[in-house]
Amino acid sequence: QVQLVESGGGLVQAGGSLRLSCVASGSRFSLSTMGWYRQAPGKQRELVAQFTNGGSINYANAVKGRFTISRDNAKNTVYLQMNSLKPEDTAVYYCRQTLWREDYWGQGTQVTVSS
């Protein structure tokens, strides 16, 4: 019964920061690969950042140097710290948990960056 709940989205000015959180209910969080995706209107959903259960991290080129993914296994939570936000970062951000080849998705949280 995996459930993912994102929070922390909102409206910020360009250059500002937001910190997204995703709390995963259920078990096996530490065995899971966690990722953040985003989808802007008219565009495909894209991977933003990923943090595997083995500790490896990767980022989309568009966010490298600006976003940081982290996880707290004790809290079953994955975070996305977003700095130096740009209008093109505007999207719905989704948390994804991959566990035993099954993907679970949160409901998404809106991030809007004004110019």
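Q: What makes a residue count as buried here, and what share of the 115 residues in the protein is buried?
A: Buried means under 20% relative accessible area, exposed means over 50%, and partly exposed lies in between, with a 1.4 Å probe and protein chains only. By that rule, buried residues make up 41% of the 115 residues. Bear in mind that this is a predicted model, where local features need pLDDT of at least 70, side-chain atom pairs count only at pLDDT 80 or more, and totals for chains, interfaces and linings use all residues. Residues are numbered from 1 along each chain as its sequence is written, and side-chain values use heavy atoms, with hydrogens and water left out.

Q: Why is T33 called buried?
A: T33 has a relative accessible area of 14%, so it falls in the buried class. T33 is found in strand β4, residues 33–39. Its contacts (heavy atoms within 4.5 Å), not counting residues up to four places away in sequence, include Q50, F51, R71 and R96.

Q: Why is N76 called partly exposed?
A: The relative accessible area of N76 is 21%, so N76 belongs to the partly exposed class. N76 sits in the loop between β7 and β8. Leaving aside neighbours within four places in sequence, N76 is in contact with C22, V23, A24, G26 and F29. The C-alpha atoms of N76 and F29 are separated by 6.0 Å, although these residues are 47 apart along the chain.

Q: What makes β7 and β8 a pair?
A: Two strands pair if DSSP finds at least two bridges between them. β7 (residues 67–72) and β8 (residues 77–82) share 6 bridges in the antiparallel sense, so they meet the rule. In one of these bridges, F67 has M82 as its partner in β8. The two strands form a hairpin with 4 residues between them, and N76 in the turn has a positive phi of about 50°.

Q: Which residues form the covered face of β7, and which the uncovered one?
A: F67, I69 and R71 are on the covered face, while T68, S70 and D72 are on the uncovered one. In a regular strand the side chains alternate between the two faces of the sheet.

Q: How do you know that the radius of gyration agrees with a compact globule?
A: The radius is taken over C-alpha atoms, and the globule rule is 2.2 Å times the number of residues to the power 0.38. With 115 residues, the rule gives a value near 13 Å, and the protein has 13 Å, so the two agree. Along its principal axes, the C-alpha trace spans about 40 × 25 × 25 Å.
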